[in-house]
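Here is a short report on one protein model. Please keep the sequence and the 3D view open while reading.

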Amino acid sequence: MYAIDFSGSTTSGSVNNVFKNTIRNIVNLGASSMYGIYMGGSATTLNIHRNKIADIQMLGNTTSSGILFAGISIRGGTTVNINNNIIGKLVATQLGSFLTGTTSSSNYAFPLSGIHITSPTTANI
């Protein structure tokens, strides 16, 4: 579940800006990953600033491996600039039961995070 999803809407060489958004009061009852802002595309530059992400709940059966819950998740791009965002009150009731201590593609040592970054060339936070 994604509140703002840039996974398929960016192209190489593009500049994308995500700013002044309020993402709040979202409840995920399913067993899928959840992100306030997600970027998995190939934008050259992504600027994420002055967003408010709060009161997001993951209440479903999230005990399977590979589930991630993040306020902001970045898995692509060349340069990512993240600043002046407020992330708070992310609630997950069942994430802790499958912690494995690994960071492979199917398991996460820390499945709940405010900002989760895996693959941009440069991340400025």
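Where is the place of L29? L29 sits in the loop between β3 and β4. The model is predicted.

## The β3–β4 loop

Two residues of this loop stand out here: L29 and S33. L29 has 65% relative accessibility. Exposed means over 50%, so L29 counts as exposed. L29 also belongs to a nonpolar surface patch with V27 and L59. Together, V27, L29 and L59 have about 260 Å² of accessible area.

S33 lies in the loop between β3 (22–28) and β4 (34–39). Is S33 buried or exposed? S33 has a relative accessibility of 16%. The cut-off for buried is under 20%, so S33 counts as buried. A polar atom of the S33 side chain lies 3.0 Å from the backbone nitrogen of L68.

## Strand β5: cover on both faces

Strand β5 spans residues 45–49. How many of its residues are buried? Five of five are, and the strand is mostly covered. T45, N47 and H49 lie on one side. L46 and I48 lie on the other. Both faces are covered.

## Strand β5: its partners

β5 pairs with strand β2 (residues 15–19). The sense is parallel, over five bridges. Within this pairing, F19 stands opposite H49 of β5.

β5 is also joined to strand β8 (residues 79–83). These two strands run parallel, and five bridges join them. Which residue in β8 is the bridge partner of T45? The partner is T79.

Notes:
Residues numbered from 1 in each chain as written. Predicted model: local features only at pLDDT ≥ 70, side-chain atom pairs only at ≥ 80, totals over all residues. Heavy atoms only, no water. Buried < 20%, exposed > 50% of the residue type's maximum accessible area, 1.4 Å probe, protein only. Helix = DSSP H or I, 4+ residues; strand = E, 2+ residues; numbered from the N terminus. Pairing = 2+ DSSP bridges. Polar contact = N/O pair within 3.5 Å; in protein donor to acceptor, adjacent residues only side chain to side chain. Patch = residues over 30% accessible without salt bridge, like charges linked within 9 Å, V, L, I, M, F, W, Y side chains within 5 Å. Areas by Shrake-Rupley, 256 points an atom, 1.4 Å probe, with all protein chains shown as cover. Salt bridge = Lys/Arg side-chain N within 4 Å of Asp/Glu carboxyl O.
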